[in-house]
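This report is a guided reading for someone meeting the structure for the first time.

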Amino acid sequence: EHQKGMLLECASKYPVPKGVKISYGTAGFRADASILSSTVFRVGILAALRSLKTKSVIGLMITASHNQISDNGVKIADPSGGMLTQDWEPFADLLANAPDPQNLVKLISEFAKKENISFGGVYSAEVLLGRDTRPSGESLLEAARHGINSVVGAVATDMGILTTPQLHWMVRYRNKGKSSLESDYFTQLSNAFRCLMNYIPREMTTSEMDELIVDGANGVGGEKLEVVKKTLSSLVIQIRNSGREGEGVLNQGVGADFVQKEKIVPSGFGQIDVGKRCASLDGDADRFVYFHVLPGSNNKIELVDGDKILSLFALFIKQQLAILNKEDGHQVHLGIVQTAYANGASTDYLKKLGLEVALTPTGVKYLHEKACEYDIGIYFEANGHGTILFSASFLSWLENRNKEIASSSDGLEQQLSVKRLLAVSELINQAVGDALSGVLLVEVILRHMGWSIQRWNELYQDLPSRQLKVKVMDRTAVVTANAETGVVKPTGLQEAINCEVAKYTMRRSFVRPSGTEDVIRVYAEASTQEEADNLAKSVAQHVD
Ligand code: 16G
Ligand code: ZN
C-alpha cells in the first residue's frame, strides 16, 4: 500500500500528453523531447521492476541516436548488457500509454503479480543511468530518476554523459561483479588495442601509419574518442565534428546515418581529404561506417559500409581460426548474421569464403540473438551497427589454451592466434555494437593485412541498390516473413513484387514496415543503378 501511494503521488507529477500514442519500437521510445517526460518517468519504473525481477543491475539510456537534436528517446539495457527482453516490450507500451496514475498503478500491480515481483524485499533495485549530449537529456534524466525512486528501495546511479554502448558495457560488467567505471572501459579498449598492434606479424610501412579522420556527428562519440586517442601511441586520429562549441549541430549534415544514406561527405570534410581514410560515427556512437572522398566538385564519397566492415572482421577471424584448426581438428562454429538489407555482393562474398550466413529481421535485438548461437557470431547491419560475440565456452577454451601455452606444442603462429582472438574479445563490445571499439578493430586489422581503405573496399563491389519509403495510413497492414524477404499480408502484394522482379536480371526486392516511422520501406537491388531505381519505383507503386 505504501508502494501504491508512492507511485500515485510521483506519477501525478508526470501527466501523459493528450492524444499521443507511443511505442517501444525497434530500439526504445523516441519522440520530440518536449513530450517525453512522462514516458521516461515510466521507463524509470519499468527499469526498477526489471531489476527486481532479474535481481541484477539494469541500464537506462537517454538518447535518440541519429535523430535530430530536438528529439530524444529512452531504452533499457538488460543484465547481460543487451537489449530489453522482447517479452517485456508490450508491458513497456502499456506503461507508457496508461492514461492516468490510477491506471498506471493498476497495470504495475497486475504485472508485478504475474511476474512474481515483490516490493520491499531483500534485493533492492539498481539502475545505471546514461544520456547523450542532447540539451533535453538533463531534465529527462531527472524524470527517469523520479520514476526509479518511486519504487521502494530502488537506487538510481547517474553514470553521466556516455555513448549508448558504454552504458551497455557498464551494465554487463557490473553484473559480472567487475569494476565498471568509465575509466575501466577506456583501459580495456586501449590495452586490447595495444596487444593486437603488438601481434602484427611484420613491420608497418609509413603509409600504414597514416592518420584516420573521424566525423564525430557533433555528438558524444567525438568527445569520448578524444579520451581514447590519448591512450593510443601507434594510431593517429584527427577528430572533426567533435561536438565542441561552434563546430555544428548534432546529426545535422554529419554522422554515420547521413553519410550512409546520402553518400556525400559530412560537413567539415571536402576535397582536401580526397583518398584519405575517414570514419563517421552516429549520434550515440553505436554505429559507424568508413568512407573516402572521391575527386570532383560534388563531394561524392566511396562508402565502406557495415557489410564491408563485417566482411573485414569475418576474414580476419576466419584466418585466425584456420591457424588454430589446422593442428588438432578442433572445429569452431563461426556464424555470420545479416539482414535483407545486406548488399547481395557481400553475402556472395561471405559464402564464397565458405562461411555460414544467417538472415534475421531488421533490428539489433534479432541479429544479436542469432549471433549468440555460435562459438563466434559476427553480425552487422548495412547501416554500421554490429559486433562480434564469443560464446562463454569458446572463450574458456581459448583462455585454457593460452594458459597452457608454455608447455604446449603450439607453434608461434598458433600462440599468436589464441592471443589475438582473446584480445579481439576484449576490444570489441560484447554487449552491443560500439563505434569506438569497432573503429579500433578496423584499424588493427587493416594494419595486420597491410591494406589501405581502397584495398579493403575492393573485397567485392556492391551491387547497385535503391531504397524508397512510402507513407501509409497503417504500416501494420504489411506483414512479412522469412526475415522480411517475403510479404504474407496483404494478399497479392508478394505476387505483384515477384512479377516486377521477374522483369530484370540479377535482381532482388523486398518491402517491410519500418519499426521507427509510419512508412513502408522498399529495397531493390539490380545489376545497374537504373534498373535498381526502376524496380524500386514500380514495387513502391504496388504498396501505395
Ligand atoms: C533502429 C535499430 C536499427 C535498425 C533501424 C531500422 C537498434 C539499436 N536500432 O534504429 O538496428 O536498422 O531501427 O529502422 O536496434 P526502420 O525500421 O525504420 O527501417
Ligand atoms: Zn545510434
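## A helix and what covers it

In this predicted model, the elements that cover the buried residues of helix H18 include strand E15 (465-471), helix H17 (493-501), strand E18 (508-513) and strand E19 (519-525). Helix H18 itself runs over residues 529-543, and its 15 residues reach 21 Å from the first C-alpha to the last, which is close to the 21 Å expected at 1.5 Å a residue. The buried residues of H18 are Ala532, Leu535, Ala536, Val539, Ala540 and Val543. Seen down the axis of H18, these buried residues fall within an arc of 135 degrees, so they line one face of the helix. An α-helix has 3.6 residues a turn, so residues three or four places apart point the same way. On the other side of H18, the residues Glu530 and Gln541 are exposed.

Just after H11, glycine 354 takes a positive phi of about 85 degrees.

Another glycine, glycine 5, has its place in helix H1, which spans residues 2-11. Glycine 5 counts as exposed because it has 10 C-beta neighbours inside 10 Å. The C-alpha atoms of glycine 5 and valine 105 are separated by 9.1 Å, although these residues are 100 residues apart along the chain.

## The nonpolar cores

Which residues touch the most other members of the largest nonpolar core? Of the 125 residues in that core, they are Ala48, Leu60, Val127, Ala144, Phe313, Ile378 and Leu427. When residues up to four places away in sequence are not counted, alanine 144 touches Val40, Phe41, Val43, Gly44, Leu60, Ile62 and Leu129. A second, separate core has 20 residues, and among them are Ala342, Phe510, Val539 and Ala540. Val539 and Ala540 also belong to the buried residues of H18.

## Spans named in the record

UniProt, in an unreviewed entry, places the feature "domain: Alpha-D-phosphohexomutase alpha/beta/alpha" at residues 54-87 and 124-175.

| Span | Helix | Strand | Distance between end C-alpha atoms |
|---|---|---|---|
| Residues 54-87 | 3% helix | 38% strand | 14 Å |
| Residues 124-175 | 48% helix | 25% strand | 14 Å |
| Residues 469-541 | 30% helix | 32% strand | 11 Å |

## The chain as a whole

The protein chain holds 18 helices and 19 strands. Its radius of gyration is 24 Å, close to the 24 Å that the globule rule gives for 544 residues, so the chain is as compact as a globular protein of that length. Along its principal axes, the C-alpha trace of the protein chain spans about 70 × 65 × 50 Å. Of the 544 residues, 47% count as buried. Among contacts between residues at least 6 apart in sequence, 71% join residues that are at least 24 apart.

Technical notes
Residues numbered from 1 in each chain as written. Chains lettered and ligands numbered in written order. Predicted model: local features only at pLDDT ≥ 70, side-chain atom pairs only at ≥ 80, totals over all residues. Helix = DSSP H or I, 4+ residues; strand = E, 2+ residues; numbered from the N terminus. Expected span 1.5 Å × (residues − 1). Buried ≥ 20, exposed ≤ 12 C-beta atoms within 10 Å, placed from the backbone. Arc of directions from axis to C-beta. Contact = placed C-beta atoms within 7 Å. Core = buried A, V, L, I, M, F, W, Y, C linked by C-beta atoms within 7 Å. UniProt positions renumbered as here; feature names shortened; annotations may be inferred. Rg over C-alpha atoms; globule rule 2.2 N^0.38 Å.
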